Amino acid sequence: MEKMYRKLIMYSFVESNRLLKWCPGADCGKVIKVQHFEARPVTCDCGMTFCFECSHEWHEPVNCRLLRLWAKKCSDDSETANWINANTKECPKCQVTIEKDGGCNHMTCKNSACKAEFCWMCLGPWEPHGSAWYSCNRFDDSAAKQARDAQERSRAALQRYLHYYNRYINHQHSLKLENKLYSMVDNKMEQMQQANFSWIEVQYLRKAVDVLGECRRTLMYTYAFAYYLERDNQTVIFEDNQRDLEHATEQLSEFLERDLENEDLVTLKQRVQDKYRYVDQRRQVLLKHCAEGTERDTWKYTVQF
């Protein structure tokens, strides 16, 4: 009973002190103390690095408020958006959403005020499909093209969201899969130590995997950040930096997964260090640009705080 009481007292003390935070690491239970409350990364003794303000894993360049909006949107909309995108279309006349529930491509709008008949494939009027004027196979058929253009406009917001969501999830998935690289480089490090390399001389391999993980995580959160950006010159610069980081990250990932075993042990160190230093440099360039935009208040967002 006394032990439980002490735990409650400690929990209450930590929760009421804004300079203290519980580590969100699995089964950790340790408390982190800072001198000033702010959104910044802190690292627990267990190895978990998280944002002190929101207790989420460190998520630069996106701030805590945008990350909360993004997490809620993904939780609410991702499955629905993917299903709508794959299984429904809008009536080309009244824009009511229609689900195809049979094999026939002859669709009739269920809106009683519309009742338009159209082709599911090309979205053009159905009437020509049963005549010599059939042209569903022609992409540039004018009536169908107008309907498709209207469809694209109505789904622009959905497609935009899926663009950022799919890339966010892809980097998240790659980050999880690339954790297996640690066991791969550990085996390589043992092999090198058997070839008379010292323990300290082979640590650059683990450093390369660490950098790869940091870059994957940064790229993942750049897509949450980019989703809420308005289009301007700053966004173009950001996307150029994002592209450069993504390209360099993929090159490092491919090298560690495919070429590590084929490299000569003498030249391996320089090759690996060159690659991870370059990719980390690209990451720092991107983050510096994002931080400068935040400090100067030059970022324009599609949502208001």
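**Figure 1. The largest nonpolar core and the residues at its centre of contacts.** Trp-70, Leu-205, Phe-225, Leu-256 and Val-272 touch the most other members of the largest nonpolar core, which has 50 residues. At least two residues of this core come from each of α2 (64-87), α4 (156-177), α5 (181-194), α6 (204-227), α7 (233-259) and α8 (265-295). Helix α6 gives the largest share, 15 residues. A nonpolar core is a set of buried Ala, Val, Leu, Ile, Met, Phe, Trp, Tyr and Cys residues joined through side-chain atoms within 4.5 Å. Buried means under 20% relative accessible area, exposed means over 50%, and partly exposed covers the range in between (1.4 Å probe, protein chains only). Helices (H or I, at least four residues) and strands (E, at least two) are DSSP runs, numbered from the N terminus. In soluble globular proteins, nonpolar side chains tend to be buried together. The structure is a predicted model, in which local features need pLDDT of at least 70 and side-chain atom pairs count only at pLDDT 80 or more, while totals for chains, interfaces and linings use all residues. Residues are numbered from 1 along each chain as its sequence is written, and side-chain values use heavy atoms, with hydrogens and water left out.

**Figure 2. Leu-205 and its contacts.** Leaving aside neighbours within four places in sequence, Leu-205 is in contact with Val-185, Lys-188, Met-189, Met-192, Leu-260, Leu-268 and Val-272. Contact means heavy atoms within 4.5 Å. Another core, of 9 residues, lies apart from the largest one. Cys-109, Ala-116, Trp-120 and Leu-123 are among the members of this other core.

**Figure 3. The whole chain.** The chain holds 8 helices and 8 strands. It has 305 residues, of which 37% count as buried. Among contacts between residues at least 6 apart in sequence, 56% join residues at least 24 apart. The chain exposes about 18800 Å², and carbon and sulfur atoms supply 49% of this area. Accessible areas come from the Shrake-Rupley method with a 1.4 Å probe; for residues, only the protein chains shown count as cover.

Figure 4. Helix α7 has 27 residues and reaches 38 Å from its first C-alpha to its last, close to the 39 Å expected at 1.5 Å a residue. The expected span is 1.5 Å times one less than the number of residues in the helix. Asp-232 caps the N-terminal end of α7, with a side-chain oxygen 3.1 Å from the backbone nitrogen of Gln-234. The buried residues of α7 include Thr-235, Phe-238, Asn-241, Gln-242 and Leu-245, as well as Leu-252, Ser-253, Phe-255 and Leu-256. The buried residues of this helix pack against α5, α6 and α8.

**Figure 5. Glu-178, a buried residue in a loop.** Glu-178 lies in the loop between α4 and α5. Its relative accessible area is 6%, so Glu-178 is buried. Not counting residues up to four places away in sequence, Glu-178 touches Val-209, Leu-212, Arg-216, Ser-253 and Glu-257.

**Figure 6. Glu-90 in strand β5.** Glu-90 is found in strand β5, which spans residues 88-90. With a relative accessible area of 10%, Glu-90 is buried. A polar contact of 3.5 Å joins its side chain to that of Thr-97. A polar contact is a pair of N or O atoms within 3.5 Å; within protein, one must be able to donate a hydrogen and the other to accept it, and residues adjacent in sequence count only if both atoms are side-chain atoms. The C-alpha atoms of Glu-90 and Cys-109 are separated by 9.2 Å, and the two residues are 19 apart along the chain.

**Figure 7. The salt bridge between Arg-283 and Glu-60.** Arg-283 forms a salt bridge with Glu-60, and the closest N and O atoms are 3.5 Å apart. Arg-283 lies in helix α8 and Glu-60 in the loop between β4 (49-51) and α2, so the pair ties together parts that are 223 residues apart in sequence. Arg-283 is buried, at 10% relative accessible area, whereas Glu-60 counts as partly exposed at 25%. A salt bridge is a side-chain nitrogen of Lys or Arg within 4 Å of a carboxyl oxygen of Asp or Glu. By this rule the count comes to 11 salt bridges.
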